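Here is a short report on one protein chain. Start with the view below, then read on for its salt bridges, helices and surface.

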Amino acid sequence: MADSSPLLSPFLLAEPENSAVDEPQASLDSVVERVIGDFGWTQLVQSTLVLLSRFFDAQQTFISVYADSEPAWHCINNGMCNSSANICDLSRSSWAWNGHTYKTIISDWDLECASSFIKGLPASSFFLGCLLGGFVLGTLADTSLGRKNLLTLSCLTMSIASLMTIFSTNVWIYSAFRFLSGFGRAAIGATALVLATEKVGSKWRGQMGTIAGISFALGLLSLPVIAYINRNSSWRTIYVWTSIPSILYCVLVHLLVLESPRWLFLQGRKEAGMAILKRLGPASLNLCLPYISLKKEAPKTNLYSPIKILLVRKWALQRLLIVMLTGFGIGIVYYSMPLAVGNLGFNIYLSVAFNALAEIPSYIIFSFIVSKWSRKGSLLAFTTLGGICSIMCIMNWKEVVLIGLELVSYFSACTAFIMLMIYTLELFPTCVRNGSSSMVRQAPVFGAVFSPILISAGRSNKVLSYGVFGLVILCSSVFVFCLPETRGVALSDTMDEQEEKEQLAM
């Protein structure tokens, strides 16, 4: 019978036993591309299930927009009350909250006259937890824990901490649970994206970013729906509605999601990696283990080996610093726009919905340009557009024009953010890919820590908010010119292999 698949002939089980000595061994990357280069139903289900974690990630990231908001109030004694006055200058008996007092934490715990630090403490605690969690948990996926287990652990930690939040009796306990939730949430985005991209061919990596972005946007869009349905209930109800489905999702991930075959091979678990390749590839394909090997074996690693490797290699450290600096600028705009839009006097439910809807087209457009535009050019184009539109928001133009500029700026930041993550995946080899991606994801979060301060300052002078947002994202993206182009380049598995490929490309 004639050989109908010459490209895959080295991997057929029918090869004689001693041919392992004579036949050249294929690299892991070449095998992965040949086996799962075409996108099948198994890969679609696996990728969608993994990236659904971004849906719950978005809910917990922006849930404070409703749970921590300051509700409207009204006068009950017109002789002692003026609705335009500062609420803290009025007698407590002269006014009342609209609706139930337990609607948000502000009304529930009488925080209306607390300092800005106290009011912003829960949100700041969440992002601080994200920062710490990113550095602590990020490397676990590259070492002994793996992609799947870390995704399950992170999502479960975030969900349980969110559910436990309903038992908070004051802002301090509440902030502690928000910190823990952020700590768990930190590794979800990078781990999910790495796990999804390592189970598809190179031409489908960009589509994984699109699915991840749409999943996050839908999660953000679900928040105003949940909040509106429960607008007359306690803020605790929103946490119940978002945490329980997330816990059930973690069970599905544990039962149904497959581990990354690339990671399994790097850990020396070649039989397990082969089994997953068989499940992801065509049903008619039989692979033979002896013919698959790494060009260079990855060294045995401990918990923080990926960080040490990144710091020792000069080119890796330079790349890491550049993408983290770019991520910081993108994060300033990405997180600030949804949080600041409420200051424009919009309905709190519609304002978040508009921002969520602005994300969806950004990822749809991204899916079209990711295979056609260069990584560097795309990133520079969208950061520049976002920065210019943000700066233009300081002008005293009509409100509808300013809102349009703000949405364009947010749209650009969304597209730049997912492009940066795809770019990061391609800049680093498998042995440090998840660790580097997790560290890069913390750069936008670090930018988000400053967002509440800038937003507060911008209420009296928009230059201090929108002007600063634009300048930061423009300046931070300049160094992208120093990075190599990676579109269409095969992924490497070890640092030595990455260096060899780039030397040959010169």
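## A bridge between H12 and H6

Arg236 and Asp108 pair through their side chains in a salt bridge, at 3.1 Å from N to O. The pair links distant parts of the chain. Arg236 sits in helix H12 (residues 235-256) and Asp108 in helix H6 (residues 105-108), 128 residues apart. This is a predicted model.

Arg236 has 22% relative accessibility, so it counts as partly exposed. Asp108, at 23%, also counts as partly exposed.

## Glu198 and its two partners

Glu198 forms a salt bridge with Arg147; the closest N and O atoms are 2.9 Å apart. Glu198 lies in the loop between H10 and helix H11 (205-229), and Arg147 lies in helix H8, so the pair ties together parts 51 residues apart in sequence. Both Glu198 and Arg147 are buried.

Glu198 also meets Arg433 in a salt bridge, again through side chains, at 2.9 Å from N to O. Arg433 belongs to helix H20 (residues 430-457), 235 residues away from Glu198. Arg433 is buried, as is Glu198.

The whole structure holds six salt bridges. A network of salt bridges links Arg54, Asp57 and Arg185.

Helix H9 covers residues 171-185. At 1.5 Å a residue, its 15 residues should span 21 Å; the end C-alpha atoms are 20 Å apart, which agrees. At the start of H9, a side-chain oxygen of Asn170 comes within 3.0 Å of the backbone nitrogen of Trp172. Buried residues of H9 include Tyr174, Phe177, Arg178 and Arg185.

Helix H10 covers residues 188-197. How many of its residues are buried? The count is 10 of 10, so H10 is largely enclosed by the rest of the structure. Among them are Ile188, Thr191, Leu193 and Thr197.

## Thr152 in H8

Thr152 lies in helix H8 (residues 147-164). Its relative accessible area is 14%, so Thr152 is buried, the cut-off being under 20%. The side chain of Thr152 reaches the backbone oxygen of Lys148 at 3.0 Å. Leaving out residues up to four places away in sequence, Thr152 touches Cys250, Val253 and His254.

## A nonpolar patch on the surface

Ile388, Met392, Met395, Trp397, Val400 and Val401 make up a nonpolar surface patch. Together they have about 510 Å² of accessible area. Helix H18 (375-392) and helix H19 (399-427) are the elements that give two or more residues to the patch.

Val400 is found in H19. Buried or exposed? Val400 counts as exposed, because its relative accessibility is 62%.

Conventions. Residues numbered from 1 in each chain as written. Predicted model: local features only at pLDDT ≥ 70, side-chain atom pairs only at ≥ 80, totals over all residues. Heavy atoms only, no water. Helix = DSSP H or I, 4+ residues; strand = E, 2+ residues; numbered from the N terminus. Expected span 1.5 Å × (residues − 1). Buried < 20%, exposed > 50% of the residue type's maximum accessible area, 1.4 Å probe, protein only. Polar contact = N/O pair within 3.5 Å; in protein donor to acceptor, adjacent residues only side chain to side chain. Patch = residues over 30% accessible without salt bridge, like charges linked within 9 Å, V, L, I, M, F, W, Y side chains within 5 Å. Areas by Shrake-Rupley, 256 points an atom, 1.4 Å probe, with all protein chains shown as cover. Salt bridge = Lys/Arg side-chain N within 4 Å of Asp/Glu carboxyl O. Contact = heavy atoms within 4.5 Å.
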